[in-house]
Amino acid sequence: MAETVPAPHNPSAQRTASRTVQVWDLPLRLWHWALAALVLIAWFTPNGHDRLHRLAGYSVIALLAFRLIWGFAGTRYSRFTMLAARLRAAPRYIWNLRRGVTGRYIGLNPAGSAMLVALLTLLAISAITGAMQVTVTFFGVWWVEDTHAYASDAVAILVVLHVLGVVVMGILQRQNLVQAMITGRKLIRSR
């Protein structure tokens, strides 16, 4: 179900009015961009720059721990409270995108919620198995190495899909979603 936004009282102004609202708080925005940078660093540094690769991986684990805490303690749109409902709505939402039906969501839409869960899960698997690889117990263990490689490749694929999804939704809804993740403010158009 799409979130509703209070509309202005004037009916003629109601059709054309738009405003911005604070959606993403500063800690969440910093987390998002730091995670994006660390994933890029980790993707381009294996084998050649192992120390930097490991540092990026350990930092990703720290950021994932922060996001888990912030999902319960953060501001309204940072919390996981609507996650279950949005995940249940995701298949129908994605199916309706074929016709350009996007609905209006102030926070994450159902597709974004599904992407959040998929990315966080795969990032956790990738980072944890990466950390396991450098321990005495798991060094050279084939399933740890394979899991790390497959999860890392899946993260790269999901990152590309995430960026494409942001671009497509920005076009369909005529708003700059990248700017919203920088400023924290999202354009809300009243109908």
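How many residues does helix 6 have, and how far does helix 6 reach from its first C-alpha to its last? Helix 6 has 32 residues and reaches 46 Å, close to the 46 Å expected at 1.5 Å a residue. The model described here is predicted.

## Overall make-up

The protein contains seven helices and two strands. Along the sequence, these elements follow the pattern α-β-α-α-α-α-α-α-β. Of the 191 residues in the protein, 34% are buried. Among contacts with a separation of 6 or more, 69% are between residues 24 or more positions apart.

## Helix 6 and its partners

Helix 6 covers residues 142-173. Its buried residues are Val144, His148, Ala151, Ser152, Val155, Leu158, Met169, Gly170 and Gln173. Two helix pairs that involve helix 6 are set out below.

| Pair | Angle | Distance between axes |
|---|---|---|
| Helix 2 and helix 6 | about 130° | 11 Å |
| Helix 5 and helix 6 | about 150° | 8 Å |

Angles over 145 degrees count as roughly antiparallel, and helix 5 and helix 6 are therefore roughly antiparallel to each other. Their crossing is left-handed. The residues of the contact of helix 5 with helix 6 divide into 15 nonpolar, eight polar and one charged.

Helix 2 (residues 26-44) packs against helix 6 at an angle of about 130°, which makes helix 2 oblique to helix 6. The crossing of helix 2 and helix 6 is left-handed. On the helix 2 side, the contact involves His32, Val39 and Trp43; on the helix 6 side, it involves Ser152, Asp153, Val155, Ala156, Val159 and His162. These residues divide into five nonpolar, three polar and one charged. Ser152 and Val155, both in this contact, are also among the buried residues of helix 6.

Val167 is another residue of helix 6. With a relative accessible area of 47%, Val167 is partly exposed. Val167 and Leu177 are ten residues apart along the chain, and their C-alpha atoms are separated by 7.8 Å.

## Helix 3

Helix 3 covers residues 50-73. At 1.5 Å a residue, its 24 residues should span 34 Å, and this agrees with the 34 Å between its end C-alpha atoms. Which residues of helix 3 are buried? They are Ala56, Gly57, Val60, Leu63, Leu64, Arg67, Trp70 and Gly71. These buried residues pack against helix 2 and helix 5, the latter at 110-133. Helix 2 and helix 5 also each pack with helix 6, as the table rows for helix 2 and helix 5 show.

## The loop between helix 2 and helix 3

Thr45 and Asn47 both belong to this loop, as given for Thr45 and for Asn47. Is Thr45 buried or exposed? Thr45 has a relative accessibility of 7%, so it counts as buried. Leaving out residues up to four places away in sequence, Thr45 touches Asp50, Leu52 and His53.

Asn47, by contrast, is exposed, with a relative accessible area of 71%. Asn47 has a positive phi of about 70°, although it is not a glycine. Most residues other than glycine have a negative phi.

## The end of helix 6

A positive phi also occurs just after helix 6, where Arg174 takes a value of about 50°. Arg174 is not a glycine either. Arg174 is found in the loop between helix 6 and helix 7, the latter at 177-183. With a relative accessible area of 59%, Arg174 is exposed.

Leu83 is in helix 4, which covers residues 83-96. Leu83 is buried, with a relative accessible area of 18%; the cut-off for buried is under 20%. Which residues does Leu83 contact, leaving aside its neighbours within four places in sequence? Leu83 is in contact with Ser113, Leu116 and Val117. These three residues fall within the range of helix 5, 110-133. Leu83 and Gly112 are 29 residues apart in sequence, and 10.0 Å apart in space from C-alpha to C-alpha.

Note on methods:
Residues are numbered from 1 along each chain as its sequence is written. This is a predicted model: local features need pLDDT of at least 70, side-chain atom pairs count only at pLDDT 80 or more; totals for chains, interfaces and linings use all residues. Side-chain values use heavy atoms; hydrogens and water are left out. Axes are lines fitted to C-alpha atoms, for helices over the stretch in contact, and angles run from 0 to 180 degrees between N-to-C directions. Helices (H or I, at least four residues) and strands (E, at least two) are DSSP runs, numbered from the N terminus. Angles under 35 degrees count as roughly parallel, over 145 as roughly antiparallel, 65 to 115 as roughly perpendicular and the rest as oblique. A crossing is left-handed if the near helix is turned anticlockwise from the far one by less than a right angle, and right-handed if clockwise. Contact means heavy atoms within 4.5 Å. Ala, Val, Leu, Ile, Met, Phe, Trp, Tyr, Cys and Pro count as nonpolar, Asp, Glu, Lys and Arg as charged, and the others, Gly among them, as polar. The expected span of a helix is 1.5 Å times one less than its number of residues. Buried means under 20% relative accessible area, exposed over 50%, partly exposed in between (1.4 Å probe, protein chains only).
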